[in-house]
Amino acid sequence: EKPMSKAAQARAEAMKNDGSGRPRLPGDADVTKGELDADIEINEASSATTGPLTVEVSSAYNTENSDPPMRKHCFQYTVRITNNSDTDTVQLLSRRFEIQTVGSSMKDVVQGEGVTGRQPVLQPGEVFEYTSTAPLSVRPIGTTEIAARMSGEYRYCILQDGQDKATDEQINKGQGEAGAELSTFNFVFPEEQRVKPVRPSDDDDDEEEEDDSVKTTTVTSTAAAPASAPPAAKDAAATSSPASSLPGEPDMTSGNISTATPPNDSSDTLTSDVRVVVTSTYRPERSDATLDKHCFAYNVRITNESPNDQSIQLVSRRFEIQTVGSSNKDVVQGPGVTGRQPVLKPGESFEYTSTAPLSVRPMLDKTQVVARMSGEYNFVLLGEDGKTPVSSTPLKAELGSFHFILPE
C-alpha cells in the first residue's frame with residue numbers, strides 16, 4: 001500500500017477530532033488572520049446548482065439570542081433546496097457542513113443523517129426549505145466584518161418510478177449517489193458589533209464610543225491614528241497568529257498561591273516610556289457559578305510618557321492567561337488594540353475596557369483567584385511627521401501581571 005504524504009497525514013490527523021468528537025480540518029488563512037482580501041465579495045447568501053438540485057442560503061444576525069460581552073453571537077440561516085428536474089424524484093439523505101470562525105485556525109465539520117431530522121423526498125419542481133441557527137463563540141478581530149465562513153453539501157439519491165424511499169443500498173451509509181453543493185457564504189457581524197478603525201477627526205476630544213463588548217476612550221488633543229497604517233504597523237500585524245499555549249506557573253496549577261502579599265487585581269508598569277495600567281472587576285450579571293462561567297471586565301490605560309517630543313503607534317498585543325487548576329497558559333495575540341492602531345503623542349493615552357469570559361472551576365478552599373494575566377503591547381516610534389516609523393522593529397510595553405479575583 002502506498003504510504004500517505006505528509007500533507008495527507010496532517011489532514012487525516014486533523015480530521016480525527018479536537019477532543020469533543022467533532023472532526024476538524026485546517027482553516028482558511030484569511031479567516032484565521034481576520035484579514036480578507038479587499039477583492040473578495042463578502043456574501044451573506046449563496047446559490048449553487050449541482051445536478052438536479054439548486055441550493056440557496058441566506059443568513060442574518062439574531063440579536064435576541066446573542067450576548068456580545070460573553071462573545072456569544074447567534075446567526076440564523078435559511079436553506080432552500082429546489083428539485084429542478086422535470087422527471088426525477090430526489091430524496092435528501094444527509095448533510096455535511098464546514099464552518100470556520102474568524103480567528104480560528106481550524107474548520108469544524110458538522111455532519112449527520114437527514115436534514116432537520118428528516119430525509120425529505122422532492123418530486124420534480126418541488127422545494128424543501130428550512131431555517132436553522134448557528135450560535136457562535138467568537139469575537140470580531142482585525143478589520144474583517146465576518147464572524148464565520150460556511151460551506152457544505154447535501155447527499156441525495158434519485159428514486160426510481162414507484163419508489164417511495166431510498167433502499168439501504170441507495171442510502172450507502174448516508175453517502176447516497178451524489179452531492180448537492182452548499183456554496184460558501186459568510187455570517188456577517190452587524191455594523192455595531194464590528195471593530196472600528198480610528199479615523200482622523202478634529203472634534204473628538206475625550207470622546208467615548210461603546211459597543212456591547214469593548215469600550216474605548218482616546219484621550220487626545222487631536223485625532224489619533226491615520227486611516228492607513230504605516231509600513232511597520234502592517235508588518236507587525238502580518239506576524240499575528242491564532243491562540244496557542246505555554247506551560248503554566250505551578251502555583252496557579254495547584255491553587256497554592258502565596259498570601260504573604262495579597263494577589264493583585266491591578267497593575268501599573270512603565271516600560272520604554274510607555275505606562276500600562278490595568279484594573280479588573282467581577283461581572284456577576286454575566287456569570288453563572290453553577291456552570292463554572294465567570295466573567296470579568298478589565299480596563300487598560302496606555303500612556304505615552306516620553307520626556308521628548310516622541311510620538312508612538314500601538315501596532316499589536318500579546319496576552320498570556322492561566323486559569324487556576326490549569327497546567328497551561330493560553331496565548332492570545334493579534335494586530336492592533338481592539339481592532340485599532342492608535343497614535344499617541346507625548347502625554348496622550350488610549351483607554352479601553354474589555355471582558356474576559358472564563359470557563360473555570362474555582363479552588364475556593366485555597367484561593368479566590370481564578371486566573372492570572374500578563375502581556376505586552378508592541379509599538380513603533382514615529383518620526384517628526386507623526387506618521388512614519390523610524391524603525392521597523394517594534395518596542396514592547398509590558399502589561400504587568402494581575403489576577404481575576406472572585407469577590408468574598
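Which side chain meets that of Lys396 in a salt bridge? I found that the partner is Glu376, at 3.1 Å from N to O; a salt bridge is a side-chain nitrogen of Lys or Arg within 4 Å of a carboxyl oxygen of Asp or Glu. Lys396 lies in strand β22 (residues 395–405) and Glu376 in strand β21 (residues 369–381), so the pair ties together parts 20 residues apart in sequence. Strands (E, at least two residues) and helices (H or I, at least four) are DSSP runs, numbered from the N terminus.

I note that the model is predicted: local features need pLDDT of at least 70, side-chain atom pairs count only at pLDDT 80 or more, and totals for chains, interfaces and linings use all residues. Residues are numbered from 1 along each chain as its sequence is written, and side-chain values use heavy atoms, with hydrogens and water left out.

I looked up accessibility for the pair (buried is under 20% relative accessible area, exposed over 50%, partly exposed in between; 1.4 Å probe, protein chains only). Lys396 is partly exposed at 44%, whereas Glu376 is buried at 19%.

I next examined Lys329. Its salt bridge with Glu249 has the closest N and O atoms 3.0 Å apart. This pair links distant parts of the chain, 80 residues apart: Glu249 is in the loop between β13 (244–247) and α5 (250–254), and Lys329 is in strand β18 (residues 328–335). Lys329 also forms a salt bridge with Glu320, at 3.3 Å between the closest N and O atoms; both of these residues are buried.

Over the whole structure I recorded 21 salt bridges. Asp28, Asp30, Arg96, Glu98, Lys107 and Arg149 are linked in a network of them.
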